[in-house]
Amino acid sequence: MTDTNAALRDRDLQVFWHPCTQMKDHESLPLIPIRQARGVWLEDYDGKRYLDAISSWWVNLFGHGHPHIDGRIREQLGRLAHVITAGFTHEPAVTLAERLVQRAPPGLTRVFYAENGSSAVEIALKMSFHAWRNQGCTRKQQFVSLTNAYHGETLGALAVGGVALYRETYGPLLMPCLQAPTPDCYLRPEGVDWETHSRELLAPMAALLAARSDEICAVIVEPLIQCAAGMRMYHPIYLRGLRDLCDRHGVHLIADEIAVGFGRTGTFFACEQAGITPDFLCVGKGLTGGYLPLAAVLTREAIYQGFYDEYATLKAFLHSHSYTGNALGCAAALATLDLFDASPVLASNGRLAEHLAQALAPLRDHPHVGEVRQTGLVAAVEMTPNGDRHSAYPWQERRGLRVYRHALERGVLLRPLGNVVYFMPPYVITTDEIDLIVAVAREGIDRATAD
Ligand code: PMP
């Protein structure tokens with residue numbers, strides 16, 4: 001019987017190898033077994049509560065245990081949990097595809113399902129390559145991504161990633177890819193605004209595409225926020241310019257909105273802020289409200305039609321995952337979209353974002369904060385020695401971990417990325433709860449930067 005934190009921890013450490021974790025850390029850093037969760041609150045077996053300020057790795061939108069999503073999944077469970085979707089179909093998958101197409105930037109008419117974000121990225125890469133091949137452009141075999149990019153951890157997704165921590169060890173296994181410098185505004189020169197800086201970073205991308213577009217299938221980007229790189233942000237002007245460059249040079253644009261989609265940045269999709277339609281739109285994480293693993297790639301009619309032919313031409317996209325279009329996942333996603341339809345979520349997020357900005361403002365003057373930045377309901381505080389944007393605490397000092405430990409003691413789940421303390425809360429957080437997470441972050445930052 002497991003009814004205490006200690007008992008479940010002991011069992012866990014015998015068998016469960018956790019993601020993104022040096023397991024030895026748990027000799028001194030206790031795992032937290034969660035028994036139940038409601039709204040923004042997680043509760044462990046000893047009854048201690050933690051405010052989930054990072055939406056359980058950016059997936060949760062409307063809180064844990066939301067009655068509408070719970071109910072819709074239960075209802076679906078009574079009818080059909082899962083069925084093969086090659087040769088068969090089901091109503092939730094069809095309706096979800098229809099509703100995603102309605103919500104997406106104009107021109108995206110076809111939906112291919114996946115089980116997680118990394119798979120969605122792999123699908124977009126393969127589809128882009130294959131679409132060119134189907135047109136006879138066999139020289140196009142390369143992908144361009146941005147420095148600091150993160151698109152997942154499977155080998156193809158990792159190959160287009162640019163965060164050294166995740167990719168370096170596996171370098172010898174990764175397909176060669178091209179990189180252009182990120183338009184991230186953190187390291188912009190003094191006195192230069194976000195828009196100017198991001199626009200200027202189009203020049204190296206333009207040069208790369210001009211020189212090598214005959215070899216390039218697609219450019220892949222995280223619109224507006226490079227999340228895993230430490231919530232690094234840039235101006236929508238870059239996406240606008242990138243769309244033009246891709247059109248001019250005959251290269252696809254893949255928008256990875258796995259982390260930023262579904263209202264995080266202030267619009268339903270981040271691409272809307274640039275008024276662009278990508279050729280491939282990858283969604284995941286919040287798609288099911290943070291309930292079940294489901295992802296999708298949306299694409300244009302012309303791309304779909306490029307695969308549509310007699311079987312013997314071998315133009316079909318034969319990619320297959322066992323749980324493609326899982327019915328329970330689709331039901332959770334439909335319930336999540338219902339919640340967007342039922343109330344003005346983006347307007348309410350805007351008010352919460354404003355409150356978060358005000359609560360964070362005093363941290364701008366903190367002696368060891370280099371920047372406080374925010375896009376929509378995603379905010380980040382960069383800890384730096386003496387507030388200098390051009391220097392960084394060595395990663396070995398693990399100052400973010402100090403903030404993590406402090407916040408847990410105070411009942412808040414913050415999970416800094418290196419020296420970056422960030423907030424990506426579920427949309428049901430209250431203004432009082434925002435004040436709490438900011439106060440706890442401030443205490444954590446004070447402690448983590450005290451020496
Ligand atoms: N793309 C982005 C932008 C992400 O942030 C992530 C996950 N953090 C992924 C892809 C991969 O998604 P998953 O973890 O579901 O494979």
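Ala 149, Tyr 150, His 151, Gly 152, Ala 157, Leu 158, Gly 161, Gly 162, Val 163, Tyr 166 and Arg 167 line the largest cavity. The model is predicted: local features need pLDDT of at least 70, side-chain atom pairs count only at pLDDT 80 or more, and totals for chains, interfaces and linings use all residues. Numbering runs from 1 along each chain as its sequence is written, and side-chain values use heavy atoms, with hydrogens and water left out.

A cavity here is a set of points, on a 1 Å grid over the protein atoms alone, where a 1.4 Å probe fits but cannot get out; lining residues have an atom within 4 Å of a point. The whole structure holds one cavity of 30 Å³ or more. The largest cavity contains about 40 Å³ of space. Volume means the space filled by probe spheres set on the points, which are joined across faces, edges and corners. Helices α6 (155–159) and α7 (164–167) each give at least two residues to this lining. Helices are DSSP runs (H or I, at least four residues), as are strands (E, at least two), numbered from the N terminus. By class, the cavity lining has six nonpolar, four polar and one charged. Nonpolar covers Ala, Val, Leu, Ile, Met, Phe, Trp, Tyr, Cys and Pro; charged covers Asp, Glu, Lys and Arg; the others, Gly among them, are polar.

Helix α6 also contains Leu 155. Leu 155 is partly exposed because its relative accessibility is 43% (buried is under 20% relative accessible area, exposed over 50%, partly exposed in between, with a 1.4 Å probe and protein chains only).

Now the open space. A pocket is an open set of grid points with protein on both sides within 12 Å along at least five of seven lines. Four elements each supply at least two lining residues: α4 (91–103), β4 (108–114), β12 (295–300) and α11 (301–307). This lining has 20 nonpolar, 12 polar and five charged residues.

Two loops remain. Val 83 sits between α3 (67–77) and α4. Its relative accessible area is 21%, so Val 83 is partly exposed. Its C-alpha atom is 27 Å from that of Phe 62, 21 residues apart along the chain. Gly 286 sits in the loop between β11 (280–283) and β12. Gly 286 is buried because its relative accessibility is 4%. The C-alpha atoms of Gly 286 and Trp 58 are separated by 7.2 Å, with the two 228 residues apart along the chain.
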